[in-house]
Amino acid sequence: MPFLEVKKVSYSRGLVQMLKDVSLQADRGQVLAVIGPTGSGKTTLLRLIDLLEVPDSGSILLQGRDLARASERERQGARRRMAMVFQKPVMFRSTVAENVSYGLKIRGIGRKDLVKEALQEVGLSGYEARVATTLSGGEMQRTALARAMVTGPEVLLLDEPTANLDPNTAAIIDDLISALARQGAAVIMATHNMQQAEKLADQVAVLVKGRIVDQGSPDLIFSGKGMTANPPW
Amino acid sequence: MDEIWNGFWQALELIVTLNPVVMEITIRSLSISLASVILASLIDIPLGGLIEFREFRGKRALLNLIQTLYSLPTVTVGLLVFLLLSRSGPLGGLNLLFSPAGMALGQTVLITPIMIGLTVSALRGVSPQIRDTARSLGASEWQLIATVIKEARHAVIAAVLLGFGRAISEVGVAMMVGGNIRGHTRVLTTAIALETSKGNLELSIALGIILLSISLLINLALSRFQG
């Protein structure tokens, strides 16, 4: 049984069909990259997996338990096992330390050492007392990553995690993503950066116009043997 | 004109010398309005959060009604609370009529629509991404409401200050529920009305200057929180 499974999920917003019969699986210790052009539905898919939206049909299973239409209480419980970093993360109007410790606080955990450690891992040591809303885009992205990983999520959802970062910082974050997967998280990463997907992913799913058009190992997808040898975008 | 100027200078003298009557009325006014705004905050801020965060039938109609009640005449609230607290009324047993506690209760009723309405507006002004972020990090419904209120704290504080401003400057509830009893329920607004009718202009002007100063301070605080 896969740790996390998306099964024939369809979702529409108004009259627009955002996702159609999307199925994929993610396991702990692995990175699944969802690649596709802008507007293909990558963010919507991550939001559905994070249980921020309810699909029109299909299932989202965490260890075999369908959460798509579970009670809000159960969905909230499942959300506590996951964390998502949005493409353009927003900061709470407080310090960097308070932002990073948010997930810990709402779980009743008061561990300052974890906050310090998480900030160190994203290269923001010493930023604890800074006002988070005054950080640069890249610093916000890294703070958001620290905020997401500090609770040790079993599923980590990353929406274009290095889109706002310079190459050096992006490389640090790439290494961190690999390390988090090695530590046992199921990482699902939406990206349109092929090199990043090829470098980090154990599995790649290609999403075009709301449908998965190809799925497999990076070797298969990027070697020219897969269906998307010539990507349709 | 001379009479007004004389009244003005005598009023300043009353304030500067901390005249006991002026001070007593001012302190009572502040205490009653402060009590009402604390009580209203405890009720209205969470209620505003619930209205904003829960989806239910008639939500839009309820918000329209709340906004209509912003301009509720103070004498109407005074009458309503008078009927509630009068001996034959449903809350008559509490013996709150013609008491400072009754006045605070009346002012709470008066400022409740504006405080709920402005809290809802304040929360609506918080980016939806903040809600998503909090939910994504595992916040429960109440933790989410608390987070959004905290994010909107400046606008929520502005709502509280506006509520306080409306409470301290109203006269209908204070007069009808308090009864304007000297040394017991007489507050700035009711004292101004009474002293003016008695021709005691210097005392009226002194109390008016204090009321205006309080309003000015509230406005300064408001611009600080809104700016």
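How many salt bridges are there between chain B and chain A? The count is two, in what is a predicted model.

**Where the chains meet**
- On the chain B side, 18 residues are in contact with 23 residues of chain A.
- About 1800 Å² of area is buried between chain B and chain A, and carbon and sulfur atoms give 48% of that area.
- Three residues stand out here: B:Arg135, B:Ser136 and B:Leu137 supply 35% of the area that chain B buries against chain A, more than any other three residues.

**Charged and polar pairs**
- A salt bridge joins A:Arg47 to B:Asp132, with the closest N and O atoms 2.7 Å apart.
- Across the interface of chain B and chain A, 13 residue pairs are in polar contact, both residues being at pLDDT 80 or more.

**The chain B side in detail**
- Helix 6 (128–136), helix 7 (141–151) and helix 8 (153–169) of chain B are the elements that give two or more residues to the side touching chain A.
- Helix 6 of chain B gives the most to this side, with seven residues.
- By type, the residues on this side of chain B are four nonpolar, nine polar and five charged.

**Nonpolar cores**
- In soluble globular proteins, nonpolar side chains tend to be buried together.
- The largest nonpolar core here has 44 residues, and A:Val100, A:Leu145, A:Leu158, A:Ile177 and A:Val187 have the most contacts inside it.
- Leaving out residues up to four places away in sequence, A:Val187 touches residues including A:Val31, A:Leu32, A:Leu158 and A:Ile177.
- Another core, of 32 residues, lies apart from the largest one, and A:Val22, A:Leu67, A:Phe86 and A:Ala186 are among its residues.

Technical notes. Residues numbered from 1 in each chain as written. Chains lettered and ligands numbered in written order. Predicted model: local features only at pLDDT ≥ 70, side-chain atom pairs only at ≥ 80, totals over all residues. Heavy atoms only, no water. Contact = heavy atoms within 4.5 Å. Buried area = accessible area lost by both parts, 1.4 Å probe. Salt bridge = Lys/Arg side-chain N within 4 Å of Asp/Glu carboxyl O. Polar contact = N/O pair within 3.5 Å; in protein donor to acceptor, adjacent residues only side chain to side chain. Helix = DSSP H or I, 4+ residues; strand = E, 2+ residues; numbered from the N terminus. Nonpolar A, V, L, I, M, F, W, Y, C, P; charged D, E, K, R; others polar. Core = buried A, V, L, I, M, F, W, Y, C linked by side-chain atoms within 4.5 Å. Buried < 20%, exposed > 50% of the residue type's maximum accessible area, 1.4 Å probe, protein only.
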